[in-house]
Structures are given as C-alpha cells and as structure tokens.
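Subject: Handover of a structure and notes on it

Dear colleague,

Please find below the structure that I am passing on to you. My notes on it follow, and I would be grateful if you would read them alongside the coordinates.

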Amino acid sequence: MLDPDGAVERLAEWKGRIDQLAADTRAMSERLQDLRATAADDNRLVEVTVDSAGRLVDLRLGQRIQRVAPEVVARTIMDTIGAARQQLADRSQEIIADTVGTGSAAARAIAERVGKQLRGADPVADGSDDRHRGW
C-alpha cells in the first residue's frame, strides 16, 4: 500500500540532510580557504608562513643566518616550509572532521586530496630536482 504522507516525510528528511551537508561543506571550504600555518626551525634561522594551498607567503630570516653556510640556510628554509605544510595538513584534517565529518566517502576523498596536496613530495625538498644545485 502506498503511503504518501510517509514518502513526503522521508523526502523532507532527505532534503534536510542535503541542506545540512551543503551548509557544512560551505563552512569547511571557508575555513580551509582562510587557513595559514607558520613554522620556525629550532635554531630560529628562518620562519615561514604558507597559505591554504601550501604556497609560501612569508619568509623571515634571523640574524644568525649570516654565520651559517648558504646551503644550510637553503635546506633549513625548505625543511621549515615542509613543517609548515605538515601543520597545515593536520589543521585541514581537523577542519574537515569538524565540519563534514569522516563518515562519508566524499569527506574521506576530500581529506585524502587535501592530505596529498599538502604532504605530497616536493621535488626541490626531496632532492630529486637538481636544477638549483651549484648556484
């Protein structure tokens, strides 16, 4: 037997879940877009800030870099960028879990994509790109 009232109720519940998911997804997107991370090395030679995509947006060099070999400064910068991107990836995962959760396939896919983007190998950082060697 058909139950029109039950069908309408289920449809309303489904629409409510979809509306909530859309609102949660917008909130997640806004929070992720505004995210930045700042990291400094243990010796305070460098401090870097990366934006939500992991791009370097600020670099500050400490006075001590004048007493350190240029290749050490360069490696420290690259390592510190990696640390900032790791912080960004961790905070992104928290935002995703807080806003859309981790139970759906879509949420897991978003979390995986963000993690790969921010934690993925950087050819300059991992040494596989020799274009900048020997400057």
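**The second largest pocket**

Helix H3 supplies the largest share of the lining of the second largest pocket, namely 5 residues. Please bear in mind that this is a predicted model. The space in this pocket comes to about 220 Å³. Two elements, helix H1 (4–33) and helix H3 (105–119), each give two or more residues to the lining. The lining residues include Leu-32 and Gln-33, then Ser-52, Ala-53 and Ser-92, and also Ile-110, Arg-113, Val-114, Gln-117 and Leu-118; Leu-35 belongs to the lining as well. Sorted by class, the lining holds 6 nonpolar, 4 polar and 1 charged residues.

**The sheet**

The model also contains an open sheet of 3 strands, in the order S1-S2-S3 and with antiparallel pairing. Its edge strands are S1 (37–40) and S3 (56–61), each of which pairs on one side only. From one strand to the next, the twist averages 15°.

Strand S2 (residues 46–50) is joined to S1 by 4 bridges in the antiparallel sense. Within this pairing, Ala-37 has Val-50 of S2 as its bridge partner. S2 is also antiparallel to S3, and here the pairing runs over 5 bridges. Asp-58 in S3 is the bridge partner of Thr-49. The hairpin of S2 and S3 has 5 residues between the strands, and in this hairpin Gly-54 adopts a positive phi near 85°. As background for inspecting the sheet, side chains in a regular strand alternate between the two faces of the sheet.

**Confidence**

How confident is the predictor, and what is the mean pLDDT of the protein? The mean is 85, with 88% of the residues at 70 or more. Residues 121–135, however, have a pLDDT below 50. Beyond near neighbours in sequence, that stretch has 12 contacts in the model.

With kind regards

How values were computed: Residues numbered from 1 in each chain as written. Predicted model: local features only at pLDDT ≥ 70, side-chain atom pairs only at ≥ 80, totals over all residues. Heavy atoms only, no water. 1 Å grid on protein atoms, 1.4 Å probe; cavity = no way out; pocket = protein on both sides within 12 Å on 5 of 7 lines; lining within 4 Å. Points joined across faces, edges and corners; volume = space filled by probe spheres on them. Nonpolar A, V, L, I, M, F, W, Y, C, P; charged D, E, K, R; others polar. Pairing = 2+ DSSP bridges. Axes fitted to C-alpha atoms, helices over the stretch in contact; angles between N-to-C directions. pLDDT = per-residue confidence, 0-100. Contact = heavy atoms within 4.5 Å.
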